[in-house]
Amino acid sequence: QVQLVESGGGLVQPGGSLRLSCAASGFTFSLLSMAWHRQAPGKQREMVAVITSLGDTNYADSVKGRFTISRDNAKNTLYLQMNSLKPEDTAVYYCYTSNSWGQGTQVTVSS
């Protein structure tokens with residue numbers, strides 16, 4: 001059974017940084033692509049970044065150059081390093097793989 005548990009969200013000022021983590025279990029982590037999505041209030045959930053099993057990455061245009069997705073296959077953990085955060089990055093961030101979602105972690109960017 002796929003289990004994804006996000007952590008690392010919180011309140012940060014504009015221009016600040018956060019690192020999100022997603023602890024994965026119940027499947028062979030190293031073999032699957034992983035992704036971060038987010039959902040802001042009143043908006044549809046959108047893909048933020050994806051990383052393949054080979055380490056290839058892709059980003060939404062809105063976060064390119066500011067966010068970095070990475071994975072540690074030895075720890076079965078997915079990361080999202082978020083720099084130069086903007087108020088429009090405020091959302092619940094979800095870890096995703098193979099039709100499974102984590103519970104989400106709230107990121108709020110505000111002064």
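Read along the sequence, the protein chain of this predicted model follows the pattern β-β-β-β-β-β-β-β-β-β-β. The secondary structure amounts to zero helices and 11 strands, where helices (H or I, at least four residues) and strands (E, at least two) are DSSP runs numbered from the N terminus. Residues are numbered from 1 along each chain as its sequence is written. Because the model is predicted, local features need pLDDT of at least 70 and side-chain atom pairs count only at pLDDT 80 or more, while totals for chains, interfaces and linings use all residues; side-chain values use heavy atoms, with hydrogens and water left out.

## Overall dimensions and surface

The C-alpha trace of the protein chain spans about 40 × 25 × 25 Å along its principal axes. For 111 residues a compact globule would have a radius of gyration near 13 Å, and the protein chain agrees with this, having 13 Å. The radius is taken over C-alpha atoms, and the globule rule is 2.2 Å times the number of residues to the power 0.38.

Of the 111 residues, 41% count as buried. Buried means under 20% relative accessible area, exposed means over 50%, and partly exposed lies in between (1.4 Å probe, protein chains only). The protein chain exposes about 5,800 Å², of which carbon and sulfur atoms supply 46%; accessible areas come from the Shrake-Rupley method with a 1.4 Å probe, and for residues only the protein chains shown count as cover.

Among contacts between residues at least 6 apart in sequence, 53% join residues at least 24 apart, contact meaning heavy atoms within 4.5 Å. The mean positions of the 9 positive and 7 negative charges are 2 Å apart. Lys and Arg count as positive and Asp and Glu as negative, with His and the chain ends not counted; each charge is placed at NZ of Lys, CZ of Arg, CG of Asp or CD of Glu.

## The nonpolar core

A nonpolar core is a set of buried Ala, Val, Leu, Ile, Met, Phe, Trp, Tyr and Cys residues joined through side-chain atoms within 4.5 Å. The largest such core has 28 residues, and Trp-36, Leu-78, Leu-80, Met-82 and Tyr-93 touch the most other members. Two or more residues each are given to this core by strand E3 (18-25), strand E4 (34-39), strand E5 (46-51), strand E7 (67-72), strand E8 (77-82), strand E9 (91-97) and strand E11 (105-109). E3 supplies the largest share, four residues.

## Selected residues

Cys-22 is found in strand E3 and is buried, with a relative accessible area of 0%. Leaving aside neighbours within four places in sequence, Cys-22 is in contact with Leu-4, Val-5, Glu-6, Trp-36, Asn-76, Thr-77, Leu-78 and Cys-95.

Asn-76, one of these contacts of Cys-22, lies in the loop between E7 and E8. Asn-76 has a positive phi of about 50° although it is not a glycine, and its relative accessible area of 28% makes it partly exposed. Ser-98 also has a positive phi, near 50°, in a residue other than glycine. Ser-98 belongs to the loop between E9 and strand E10 (100-101) and counts as partly exposed at 45% relative accessibility.

Gln-81 is found in strand E8 and is partly exposed at 27% relative accessibility. Not counting residues up to four places away in sequence, Gln-81 touches Ser-17, Leu-18, Arg-19, Arg-66, Phe-67 and Thr-68.

Val-2 is placed in the segment before strand E1 (3-7) and is partly exposed, with a relative accessible area of 27%. With neighbours within four places in sequence left aside, the contacts of Val-2 are Ser-25, Gly-26, Phe-27, Thr-97 and Ser-100. Leu-31, in the loop between E3 and E4, counts as exposed at 62% relative accessibility.

The following table lists C-alpha separations for pairs that involve these residues.

| Residue pair | Distance along the chain | C-alpha separation |
|---|---|---|
| Cys-22 and Ala-60 | 38 residues | 19 Å |
| Leu-31 and Thr-105 | 74 residues | 24 Å |
| Val-2 and Ala-40 | 38 residues | 25 Å |
| Gln-81 and Ser-70 | 11 residues | 8.1 Å |
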